[in-house]
Amino acid sequence: MSSRVDGGAPRVKNRAPAAVQITAEQLLREAQERQEVQFKAPKQRIEDFEELHEYRGRKRKEFEERIRRTRGKMREWQAYASWEASQGEYDRSRSVYERALDIDPRDISLWLSYTEMELKARNVQHARNLFDRAVTLLPRINQLWYKYVYLEELLQNIPGARQVFERWMKWEPEDKAWQAYIKMEERYGEMDRASAIYERWVAVRPEPRVWVKWGKFEEERAKMDKAREVFQMALEFFGDDEEQVEKAQAVFSNFAKMETRQKEFERARVIYKFALSRIPRSKSAALYAAYTKFEKQHGDRSGVESTVLGKRRIQYQEELDNDPFNYDVWFDYVRLEEDAFKTDLDEGGDPSPEKVRDVYERAVSHVPPGGEKRHWRRYIFLWLEYALFEELETKDFDRSRQIYKTAIEQVPHKQFTFAKLWLLFARFEIRRMDLMAARKILGTAIGLCPKEALFKGYIQLELELHEFDRARKLYEKYLEFDPTNCTAWIKFAELEMMLGDTERARAIFELAVSQPALDMPELLWKAYIDFEFEEGERERTRALYERLLEKSKHLKIWLAYAKFELAKMGGGDDEEEEEESDENTPDPATARAVYERAYRHFKAECNRPDLADDIEGLRKRAELVLNSWKPFEEENGSADDLEKVNRINPHKELVWEPSELGGMEEVWAWKFDDDIQEENPNAFKFLQMARAWKASAHKNDKKDAMDEDDSDDSDDDESEDDKAGPSKPPADSDEDESE
């Protein structure tokens, strides 16, 4: 079954399960049965007093030997004394306990075992004496006092229990001892005594929780005047100091809750407000939560809103203490204060904006660290919100002006600036009817830190005031600052067009397109062309397209040029003109010439070796030209013109060209059918015939395939008829056969 490999563990060859299986339960049962029986001492039966005395003497000798060897081990003494008590020898048991107490009089378990032995023997007076000795010797052991009091109360000796408590209270024990004394007096209906004990307790431990317990006790026994007196005594004890009031939050909270339970809501509200007015909001979260709950349950709408606002103020303040540069929290905080200010104002009150100003001042005092503009954006918006608040809500215009000036002084304009800040300041001065101050502000901004947004805002301001000469000067300054800005050139020309000065607008466009560098030249050229087109200047527009094609031969330019030649000029839209001028009449021949030029250009580009990497793009552009050319010929051309366009079909061919190494190499080149026709008409004719044959062959193949499908279908129908059997002949079939 098994064999050993290299002297190791045996290897099992047969891994099949055994015929007889042994369960875990059987293994445990066998192990239990095979255990040896432990030795048990035989039971000894005593028949007479002589054997009893002999047994007791032997046991006493054993105990004496043990306590002699382990004199300081109290368990041996307790076992000895308990054995003597079990034999009814209480005097001997007391003797053993007394000998043990001589050795260690501070062993608590020894005292408890001694008193328990006396109580079991119903020696109550002995037990009292023992408890008296124990508490005299160990007055700080609460367990001894509890046992002593329990004994006296169990014996219905209430004066004795009270006397024990009085002895205990002189040692100023823990709170549970005072509560036990009070509970005992409550059990026997001595409420005045319990109240007096509370008074002694708060004298020993004047803590808020003790005052609260006393107040609740007086409330439970329906002594409301006494309960109020207790809470007032507590508040007088703690005083008005911030630290003491913070410590006494529980007293204020429970005092207010008691008044709420008695339906004295105004008293409760006064208590809450008194406490909250003397404690910082950051340290009175629990008390404020209780006040919020009270206002929600028993207050009016204004009170509830005020409470919620206070709670949110605490929340925002905690977040700002952790991160004073979190401007999002500052925004939420100032909006909260502004909403509260507006609400009070709408309700007809006379609120003070000092709270809002204080939050704004604290917010803007945290200047962003570093010199990156992205860190300053939220900060600057705080200044803007502050200025708008002073202008719109408080109507303090001088303060708003000063806020704008301070904000501008804060920004490092040599590194970056904020156009919105300058523009809003200028708009503010305009609203104050001080146009010169607004122009001075924007002029200072452009001179100190010129920026595109500043120029746009200043120009828009002058246009709204219809100061067109000033707007022109500003456009000139703008273009001197950034001559590559095509949008500025276009807007300048549009201004002149709006004023009706066409020549000036054309001069601006000419000056713009002559610039050596432009950021978006396509927009500028498009605007210039649209301008001339709307003016009805076809020749000028055509000249612009030609100039643009000299700079770039983009596909869109060619297509736009061709569409322009077919379009009606802007000057021909006048309804008063009965006849259109020749200049405004579309010319299909000119448009066709443009398409041909575009086609020849892209066809030539396809065969340029230096553009071999973009050969697919060039072919695609040529196809797009043809796709736009064909609809044009269908609509405006003759049949010959359309046939000419249809004959053009670009395709790839292998051609031999000189290589750079001096020989010939075979390369792929795009060929067009019109080139093949010009170079070799016979080859082109043969190519057309081959294409026609291929198309017809493809058509015949398709027709044959369809015929085969039809024959297969008919065969299937016949086979189905054969399977179905002979059908009934028609009515006149017999007549046909007879004929």
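**View A. Arg 56 and its contacts in the predicted model.** In this predicted model, Arg 56 touches Trp 83, Gln 87 and Glu 89, leaving aside its neighbours within four places in sequence. Arg 56 belongs to helix H2, which covers residues 49-69. Is Arg 56 buried or exposed? Its relative accessibility is 13%, so Arg 56 counts as buried.

**View B. The largest nonpolar core, with 97 residues.** Here we look into the core where Trp 330, Ile 380, Leu 421 and Leu 524 have the most contacts. Helix H18 (residues 327-346) gives the most to this core, supplying 9 residues. Another core lies apart from this one; it has 76 residues, and Val 149, Ala 161, Tyr 181 and Val 230 are among them. As a reminder, nonpolar side chains in soluble globular proteins tend to be buried together. Back at Ile 380, look for its contacts with Val 411 and Phe 418, where residues up to four places away in sequence are not counted.

**View C. Helix H18 beside helix H20.** The axes of H18 and H20 (residues 377-392) come within 10 Å and cross at roughly 10°. Angles under 35 degrees count as roughly parallel, and H18 and H20 are therefore roughly parallel to each other. Which residues of the two helices meet? From H18 come Tyr 327, Asp 328, Trp 330, Phe 331, Glu 338 and Phe 341, and they meet Arg 378, Tyr 379, Phe 381, Leu 382, Glu 385 and Phe 389 of H20.

**View D. Helix H20 beside helix H22.** The axes of H20 and H22 come within 11 Å, with a crossing angle of roughly 10°. That angle makes H20 roughly parallel to H22. On the H20 side, the contact is made by Phe 381, Leu 384 and Glu 391. On the H22 side you will find Lys 420, Leu 421, Leu 424, Phe 428 and Arg 431.

**View E. Helix H24 and what covers it.** H24 runs over residues 452-464, and its 13 residues reach 18 Å from first C-alpha to last, close to the 18 Å expected at 1.5 Å a residue. Its buried residues are Leu 454, Phe 455, Gly 457, Tyr 458, Ile 459, Leu 461 and Glu 462. Residues three or four places apart in an α-helix point the same way, because there are 3.6 residues a turn. The cover over the buried residues of H24 includes helix H22 (419-431), helix H23 (435-448) and helix H25 (468-481). Just after H24, His 466 has a positive phi of about 60°.

**View F. Two loop residues with positive phi.** Gln 156 sits in the loop between helix H7 (142-154) and helix H8 (158-169). Its phi is near 60°, a positive value in a residue other than glycine. Lys 263 is in the loop between helix H14 (249-261) and helix H15 (265-276), and has a positive phi of about 65° although it is not a glycine. Are these residues buried or exposed? Gln 156 counts as exposed because its relative accessibility is 56%, and Lys 263 counts as exposed at 61%.

**View G. Cys 449 and Cys 486, two buried cysteines.** Cys 449 has a relative accessible area of 7% and is buried. Cys 486 is also buried, with a relative accessible area of 1%. How many disulfides does the structure hold? The number is 0.

Note on methods:
Residues numbered from 1 in each chain as written. Predicted model: local features only at pLDDT ≥ 70, side-chain atom pairs only at ≥ 80, totals over all residues. Heavy atoms only, no water. Core = buried A, V, L, I, M, F, W, Y, C linked by side-chain atoms within 4.5 Å. Buried < 20%, exposed > 50% of the residue type's maximum accessible area, 1.4 Å probe, protein only. Helix = DSSP H or I, 4+ residues; strand = E, 2+ residues; numbered from the N terminus. Contact = heavy atoms within 4.5 Å. Disulfide = S-S within 2.5 Å. Expected span 1.5 Å × (residues − 1). Axes fitted to C-alpha atoms, helices over the stretch in contact; angles between N-to-C directions. Parallel < 35°, antiparallel > 145°, perpendicular 65-115°, else oblique.
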